[in-house]
Amino acid sequence: MAQDKTRAPIAITMGDPSGVGAEVIVKAIATLPPEERRRFVVIGDADTMKRAAEACGSDLAFHAQGAPGAGGSLALRHVPVDGLPGRFGVLSPQCGEASFRYIEAAVRMAQSGEAAGIVTAPINKEALNSAGHHYDGHTGMLAALTGSKSSWMLLASERLKVIHVSTHVSLRTAIERARPERILATIRTGYEHLKRMGYEDPRIAVAGINPHCGENGLFGTEDDEFIRPGVEAARAEGINAVGPISADTVYHRAYQGAFDLVVAQYHDQGHIPIKLVAFDSAVNVSLGLPIDRTSVDHGTAFDIAGTGKANHVNMLSALDYAARLATNRHEKAAA
């Protein structure tokens with residue numbers, strides 16, 4: 001894990017109290033040496049975290065944020081929410097409300113400098129919306145809470161990284177959003193992030209939206225009308241971008257090392273290849289926000305919640321990426 005050079009901890013939001021979030025947090029933190037656990041604080045429900053530890057057969061202990069911890073215990077900021085079901089695997093508006101409050105608290109901490117960044121455990125969109133919080137997921141919610149005009153989802157794994165032009169919208173809407181301005185903004189955002197992560201001259205490939213990029217208009221003209229001008233505008237700014245490239249080959253080429261980043265035009269076009277090659281290790285990173293946020297790339301898994309079976313490898317990857325971002329932000333501020 002990246003060396004911690006920040007005083008503020010990284011806030012981990014517990015996610016939906018009925019899901020596997022608390023379990024993967026417990027299992028991931030329990031693998032870390034006691035001194036590394038001090039760089040994190042969980043924002044969530046104390047009772048749920050204790051039940052998760054029991055379900056996992058873990059002796060991980062918790063202490064209130066700000067209080068002295070001992071023996072490798074994990075700092076916990078309890079956010080009270082009335083009416084939680086008190087058991088796992090339940091779709092509940094109260095759990096949706098809790099998910100929102102944990103994230104809201106973590107955002108405020110990050111904005112004030114009380115937290116060096118945020119790592120989010122999974123939420124349930126149906127529960128969130130049933131509680132009256134009408135967001136398409138974490139990315140849209142974080143953009144609203146931080147007052148950001150735009151945000152992007154980047155999925156990062158060791159050999160394949162993908163940034164999305166659009167995510168949680170219909171395919172029809174995704175096609176409508178694939179316009180030169182958004183393409184250019186997406187390329188810029190991905191380029192700047194990779195530069196921040198140490199890439200000297202990131203190689204960016206932009207996927208086409210139609211089969212074979214439209215085959216000269218045979219299967220559609222969007223690639224030539226909208227995507228190509230966005231790529232050309234990025235190249236005019238000195239960004240090493242190419243495309244559009246047919247989506248049925250570009251991810252394989254990137255996985256083999258030809259590109260550092262692929263710009264996907266819509267949700268499934270980017271998620272399917274990442275989940276095929278890095279299902280347990282890919283990290284969801286929110287870009288375009290004034291704060292740093294990483295997340296696991298899986299859902300609440302109500303069917304196995306409370307059994308201790310949830311895989312925590314994805315959470316470990318998210319924690320490590322967040323620690324690298326925090327160190328990077330600290331070094332940039334000190335320069």
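I began with the surface. The protein chain exposes about 14,200 Å². Carbon and sulfur atoms supply 49% of that area. I noted that this is a predicted model.

Next I looked up burial. Of the 335 residues in the protein chain, 55% are buried. I kept the cut-off beside it: buried means under 20% relative accessible area.

Then I turned to overall dimensions. Along the principal axes, the C-alpha atoms fill a box of roughly 65 × 45 × 35 Å. I also checked the radius of gyration. The protein chain has 20 Å. A compact globule with 335 residues would have a value near 20 Å, so the two agree.

I looked up the secondary structure. The protein chain has 12 helices and 12 strands.

How far apart in sequence are the residues that touch? I took contacts between residues at least 6 apart in sequence. Of these, 74% join residues at least 24 apart.

Last, I picked one helix pair. Two packed helices are described by the angle between their axes and the distance between the axes. I looked up both values for H1, residues 21-30, and H3, residues 46-55. The angle is about 65°, and the axes lie 8 Å apart. The crossing of H1 and H3 is right-handed.

Which residues make this contact? From H1 I listed Ala22, Glu23, Ile25 and Val26. From H3 I listed Thr48, Met49, Ala52 and Ala53. I sorted the residues of this contact by type: six are nonpolar, one is polar and one is charged.

Notes. Residues are numbered from 1 along each chain as its sequence is written. This is a predicted model: local features need pLDDT of at least 70, side-chain atom pairs count only at pLDDT 80 or more; totals for chains, interfaces and linings use all residues. Side-chain values use heavy atoms; hydrogens and water are left out. Axes are lines fitted to C-alpha atoms, for helices over the stretch in contact, and angles run from 0 to 180 degrees between N-to-C directions. Helices (H or I, at least four residues) and strands (E, at least two) are DSSP runs, numbered from the N terminus. A crossing is left-handed if the near helix is turned anticlockwise from the far one by less than a right angle, and right-handed if clockwise. Contact means heavy atoms within 4.5 Å. Ala, Val, Leu, Ile, Met, Phe, Trp, Tyr, Cys and Pro count as nonpolar, Asp, Glu, Lys and Arg as charged, and the others, Gly among them, as polar. The radius of gyration is taken over C-alpha atoms; the globule rule is 2.2 Å times the number of residues to the power 0.38. Buried means under 20% relative accessible area, exposed over 50%, partly exposed in between (1.4 Å probe, protein chains only). Accessible areas come from the Shrake-Rupley method with a 1.4 Å probe; for residues, only the protein chains shown count as cover.
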